[in-house]
Amino acid sequence: MVLSQFDEHSVFSKLEKSGHQNVVYCSDPGTGLRAIIAVHDTTLGPALGGTRMFAYKTETEALNDVLRLSRSMTYKAAITGLNLGGGKAVIIGDSRLHKSEALMRRFGRFIENLNGSFITAEDVGMNPKDMEYIRMETKYVTGIPESIGGSGDPSPVTARGVFMGIKASVKEFFGNDSLAGKSVAVQGIGHVGEILVGLLRNESAKVYVSDINEERLGQVAQKYGAEAISTNSLFDLDIDIYSPCALGATVNTETINRLKCSIIAGSANNQLADEEVHGKMLLDKGILYAPDYLINAGGLINCYSEIAGFNKKKTLQMTENIYEATRRVLKKSKEESIPTSEAANRIAEKRIEDIRKIKAAW
Ligand code: NAD
C-alpha cells in the first residue's frame, strides 16, 4: 500500500503528520459510549493525559482535538523532565446529559485494554464521581483525591510552578529574580490564580487582579491586598508581568499591540492564539513569554508523583525545577533569536530523540 493513496484528510495522513503512535476509537452502542483515545508518543514512558467530555459537533472535531491535546502532553512531559509520554482521551457527548455509570465503566475497560500504555486523569467535563466509575474498571487512573490515597488537587502545585516560571523570567529580564516592587496583573483568580496571588504578595510584588466573578474578585483583592481591575483594562496597564490564569488565546494580535508589560507568564493553557504568529510578534516586541505548557506543568508533576509514589516534598522539589527549565528555554531563545515557544519545543524534541537512542540500545 502506497501511503500517498490516502487523501490529506484521512485519519492515517493526520496520524503520520502529527507523529501519533496509536489512536483507539471506543464505540459501545449499548451504553452510548463514543470516545477516542490518542497515544502520541511513549518514548519517555506511558502516555498520560486527561479525559475530556465535550459535545463535539462532528467526529472530525473530536479527532482533531484529541490529536492536538495528546501531542502537547508529549511536549509538556518531555520539557519538564518527566518519564512520561503524551496522550489524551475525549468522550463525545454533553457532560450534563449523556453520562451514566455504565458509560464511564465501559470507557474504563477500553483504558484497561491498553495495558498501561495510557494513563488518564480528570479533565474538562469530568468530575470525581466519573473518575471513580472509570477506576472500577482500570487501575490506569491518576490525580485521584487525597482522601483515597491520591495526590489530590493539583492547583497548589501548579501555582508553585507558575511562580517559579515567573521568577526565572524576571531573572532573565531584570538580572535578578526578586519580585519586590514588581507589578503583576493576574487574570483569573480561581484555583491556581488565587494561590499565585498569595505567593506573589509574600514576595512584596504589587498585584492587580481581574476576574469575571465580581464577588470573588472583591474578596481575593481584599484578602491579599491586591488591586481589583476590569479584565479589559488589564491590557493597557503599565506593568512588569501579565499572568494569564483564566483562559487561552488572550495573547493575540490585538492584545499584543496593547500590552505594555515586559513578561507574560501564567497558568492558562494555549495562551498564544497562534503559536507561530504570536510567538514571533512577542519576540519582535521584546516581551518575554514563558511557555505556558512548561510553567503550568505542576499539575502533571503532581500526577506523575502519584504514579511514582513520591511524597509532597519531592513533588515540590520537582516543581521548583521549573525555574531552571525556564531559564534554559529563555537562554536558547536569546542565543538563537527564536520565540521562546519554539525554543521549548526544540528542547523537548531533543530530549525525546536522545532517549529514543538509548532505548534502541537495549
Ligand atoms: P478555575 O476555573 O478555578 O479559575 C479560572 C478563573 O478565571 C475563575 O475564577 C473564572 O471566573 C475566571 N475567568 C474566566 N473567564 C475570565 C475572563 N474572561 N476574565 C477574567 N477571569 C475569567 O481554573 P484553574 O484551575 O484556576 O485554572 C486556571 C487556568 O490554568 C485554566 O486555563 C487551566 O486550564 C489552567 N491550568 C490549571 C491547572 C490546575 O492545576 N488547576 C494546571 C494546568 C493548567
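# A tour from the sheet to the ligand

Start by selecting helix α3, residues 101-112: it lies across β1, β2, β3, β4 and β5, and runs at about 30° to β2. Keep in mind throughout that this is a predicted model.

Next, select the strands themselves. The 5 strands form an open sheet with mixed pairing, in the order β1-β2-β4-β3-β5. At the edges stand β1 (22-28) and β5 (118-122); each has a single partner strand, so one side of each is left without a neighbour in the sheet. From one strand to the next, the twist averages 20°.

Within the sheet, pick out β3 (residues 47-54) and β4 (residues 85-92), which run parallel and are joined by 6 bridges.

Then move to the ligand. Select its surroundings: 18 residues, of which the closest are Thr158, His191, Val192, Asp211 and Ser267. By class, the shell consists of 7 nonpolar, 10 polar and 1 charged.

- Thr158: a side-chain N or O atom is 2.7 Å from an oxygen atom of the ligand.
- His191: a polar side-chain atom lies 2.6 Å from an oxygen atom of the ligand.
- Val192: here a polar backbone atom is 2.8 Å from an oxygen atom of the ligand.

Switch to a surface view: the ligand taken alone exposes 830 Å², and the protein buries 72% of that. Finish by selecting α5 (155-174) and α6 (191-202), the elements that give two or more residues to the shell around the ligand.

Definitions and conventions:
Residues numbered from 1 in each chain as written. Predicted model: local features only at pLDDT ≥ 70, side-chain atom pairs only at ≥ 80, totals over all residues. Heavy atoms only, no water. Near = heavy atom within 4 Å. Polar contact = N/O pair within 3.5 Å; in protein donor to acceptor, adjacent residues only side chain to side chain. Areas by Shrake-Rupley, 256 points an atom, 1.4 Å probe, with all protein chains shown as cover. Helix = DSSP H or I, 4+ residues; strand = E, 2+ residues; numbered from the N terminus. Nonpolar A, V, L, I, M, F, W, Y, C, P; charged D, E, K, R; others polar. Pairing = 2+ DSSP bridges. Axes fitted to C-alpha atoms, helices over the stretch in contact; angles between N-to-C directions. Contact = heavy atoms within 4.5 Å.
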